[in-house]
Amino acid sequence: MDNSQSETATMTPYDLIGGRAVIQRVVDRFYDLMDTEARFATLRSLHAPDLAPMRASLAGFLCGWAGGPRDWFEANPGKCMMSAHSGLAITRETAAQWLAAMDCAFEDCGLGDHAVATLMIERFAMMSRGMAGAD
Ligand code: HEM
């Protein structure tokens, strides 16, 4: 293994995707799409009028979740993402909208073919399926 290979082997998904700035850019694009595109209207209606807290919270969660700084987890000790969604009456339709908006956000940020983005989308698909009730 040369130096660059061993460096890559110790990098986290957070590092490989470009760190907090890139994650924040994807999250901002995700909420912009949700806020403006009619195809995401049902998903948008589940959220509070002000999306600013979610822009910070989802980006902070994803940074720690991807192996980066854990400030979100320190501020939310023991918070389980699946339980946090259990009272939201998420349907298969809204779960599919969430996933489509996130997929589009990665694409619009130039990460459509990025290996880490592909893995993240696969994981989000599993989580979203688990969050959706059997409607
Ligand atoms: C299955 C589709 C999903 C739907 C419909 C959905 C919807 C929501 C809604 C309505 C909220 C509350 C928003 C508000 O207060 O304005 C929320 C919060 C949140 N969601 Fe989701 N979500 C989904 C999937 C996910 C996934 C897969 C993740 C993680 C990868 C995630 C991460 C978060 C985070 C971090 C919060 C904020 C929690 C907090 O700060 O207390 N969501 N979600």
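Me: How many residues surround the ligand, and which are the closest?
Reply: There are 19 residues around the ligand, and the closest are A48, S57, K79, H85 and W98. A residue counts as near when one of its heavy atoms lies within 4 Å of the molecule. Keep in mind that this is a predicted model, where local features need pLDDT of at least 70 and side-chain atom pairs pLDDT 80 or more, while totals for chains, interfaces and linings use all residues. Residues are numbered from 1 along each chain as its sequence is written, and side-chain values use heavy atoms, with hydrogens and water left out.

Me: Why is H85 called a donor to the iron atom?
Reply: Donors are N, O and S atoms within 2.8 Å of the metal (3.2 Å for Na, K and Ca), and sites may look incomplete because water is not among the atoms. NE2 of H85 is 2.0 Å from the iron atom, so NE2 qualifies. H85 is the single donor from the protein.

Me: How do you know that R20 and D71 form a salt bridge?
Reply: The rule asks for a side-chain nitrogen of Lys or Arg within 4 Å of a carboxyl oxygen of Asp or Glu. The closest N and O atoms of R20 and D71 are 2.8 Å apart, so the pair passes. R20 lies in helix α3 and D71 in helix α6, so the pair ties together parts 51 residues apart in sequence. Helices here are DSSP runs (H or I, at least four residues), numbered from the N terminus. By this rule there are six salt bridges.

Key
Helices (H or I, at least four residues) and strands (E, at least two) are DSSP runs, numbered from the N terminus.
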